[in-house]
Amino acid sequence: MHMNSPWNRLLLLIVLLLFLNGLYSMMVAPPATERSAEIGYSLFKQLLKDDQIAEVTLEGDTLSGHFFAPIALAPEQRIATTSESIESFERFETVLPPVADTELLPLLEEHDVSFKAQKTEDPPYWLINLLPWLIIIGIWLLILNRARKQGGLTGGLLNKMGESGAKLYTREKSPITFAEVAGQAEAKQELQEIIIYLRNPEKFSRLGGQVPRGVLLTGPPGTGKTLMAKAVAGEAGVPFYSISASQFIEMFVGVGASRVRDLFNTAKKNAPSIIFVDELDAVGRARGTGLGGGHDEREQTLNQLLSELDGFDPHDEVIVLAATNRPDVLDTALLRPGRFDRLVVIGRPDWRDRVEILKVHTRNMPLADDVNLEVIAKGTPGMVGADLRGLVNEAALIAAREDDDMVRMNHMEQAKDRQLMGMERKLFMSDLERHITAVHEAGHALVAKALPHTDPIHKITIIPRGQALGITQQLPTDDRYHYNRSYLLNRMSVMLGGRVAEAVVFKETSTGAQNDLKQVMDLAEKMVCQWGMSERLGPLSYPRGEEHPFLGRKLTTEKTFSERTAWIIDQEIRQLVNSAETAAKEVLNANRKLLDLLAQRLLAEESIDQEGFERFLEGNEKIRLPAEAD
Ligand code: ADP
Ligand code: ZN
């Protein structure tokens, strides 16, 4: 059952109220230390006659009072007691019989018992009953007041209760700019457009600019996605509303969706503005996955998010930024045009960027002259911004503990070692692993460079990202829709170049090439079965099952060819892959020296861009085509 959040909270309040009321009446009841027993009327009169009773109070039809001294009462003499285990009692209580007892008052006087009558409805009584309610109302007002402060909005009381927990950052409050975000030049450049738009939305629209509505920042944790989003808000000087998607899930049923709604409404009212949804994957996982509780709630929240994204009209000057380190698990609906259709990668920093990050975080620190941030940066491959900030803080702590008034290099070194030990295998590669990765990527790059009809190298890096230990990116010079056979063959050679390089240098291959092999196989299979590029089989199409776009596995299709044909297909695929591998081998054997040099350069620089690669090639002997090899 899903309810609107105000009712939910009301329900919670009532439950809380009943609980407190119970607690309170327990506290108001006579303390259990006063041993009290309820006794019958005749026993009471007997005790009165025996001069045991000191005083009595009449309240309604109940008489209660004290004995002169604790007296023992057998279990059958008492009707109820404060505790079963005790036998002697200081107090008593008894109920008057419905017929008037004319004997009672004279008897009390005769035995000199002080007697008091109390009105049943005296003021303290109702006040006592009211008190818990007053407390509750007080607490409620307090909660509402806090919600109001956080939301920064005016509105009805009930509206307040569903208020989102989004924090408001304005330029005044959080003046984070790009200066605080070190490195990430590419990401900054991509986000520049959004800043220009937010600064002057009308002008931008008038000039016919098309702004993305949603931008997805992806990258490992701690790389500064949140920081970047805040900086965009700071640069544009617009309010920043942030919420972590995992918060939605923790809430009561139905609250997630209403929070999303409130968040968007608030942002629209204060437009131009930025909404930042952290940990988008917490709500954005593909629907229909996951088990058990919370999952229904998650889907509801996701649906609300999708409908809010669709519900923007072109005049809403709101940009939604979201962050995730798992873009692969996101529901594809989130990535459709008009939603999060722009992807900005916030990658792990290379050593140059790490120097910049260290500089940012040591800006206000008294640094000794011997501190060399470049050395620290080079010694911390794989660390992200958050790790480096931790390292710098740790160094300051160590310096303080040593009573030093400056942070010195040896403090930095100690902090680094501590940080590294804490990181365990998070992404830590041994020197050998890094070397293998460097050789592997250098192999891809050199084969691509040597063979004709290949795309130019865009970037080579041995900074791990996602599943990959390193990446060699090629960028096609222009969009192509048709590929010819020699392009595809050479492309296979490039894909195999990594593995071949490992074999050439280490005389051994590693598991790092798994993804390459899968791609090669897919390509070869398509060439043979779909594009008719095998001479033996000719221009025929052989369906071998197609990859399901979402499930990532093959759908079985009925075979329309004989076992013999299947055998020939396998042979043809094998032959294509073999010839591609041979070409790669020839290239790398002919350029063995370059391969080693490039791997060394990669180890030193971690990533090399297109220009850097060109410069490397110019500075060394010319790359040789296999035919030129001696
Ligand atoms: P993410 O959102 O990607 O997990 P955060 O933005 O929360 O990462 O980063 C955590 C902290 O690490 C930041 O507040 C900042 O102090 C530091 N940090 C991360 N990246 C950078 C960077 N590029 N430059 C400066 N500081 C950074
Ligand atoms: Zn590879």
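Which residues coordinate the zinc ion (ligand 2)? In this predicted model, where local features need pLDDT of at least 70, side-chain atom pairs count only at pLDDT 80 or more, and totals for chains, interfaces and linings use all residues, the donors are His440 (NE2), His444 (NE2) and Asp516 (OD), at 2.0 to 2.1 Å. Donors here are N, O and S atoms within 2.8 Å of the metal (3.2 Å for Na, K and Ca); water is not among the atoms, so sites may look incomplete. Along the chain they follow the spacing H-x3-H-x71-D. His444 sits in helix H17 (residues 431-450) and Asp516 in helix H19 (residues 514-529), so the pair ties together parts that are 72 residues apart in sequence; helices are DSSP runs of H or I, at least four residues, numbered from the N terminus. Both are buried (under 20% relative accessible area, 1.4 Å probe, protein chains only), His444 at 7% and Asp516 at 14%.

Now for ligand 1. Around it are 15 residues (a heavy atom within 4 Å), and the closest are Ala182, Gly222, Lys225, Thr226 and His361. Polar contacts are pairs of N or O atoms within 3.5 Å. A polar side-chain atom of Thr226 comes to 2.6 Å from a ligand oxygen, while a polar backbone atom of Gly222 is 2.8 Å from an oxygen of ligand 1. Domain 2 (167-345) and domain 3 (351-421) both give residues to the shell, so ligand 1 lies between them; the bounds come from an automatic or database domain assignment.

Residues are numbered from 1 along each chain as its sequence is written, and side-chain values use heavy atoms, with hydrogens and water left out.

Key:
Chains lettered and ligands numbered in written order. Polar contact = N/O pair within 3.5 Å; in protein donor to acceptor, adjacent residues only side chain to side chain. Helix = DSSP H or I, 4+ residues; strand = E, 2+ residues; numbered from the N terminus. Buried < 20%, exposed > 50% of the residue type's maximum accessible area, 1.4 Å probe, protein only.
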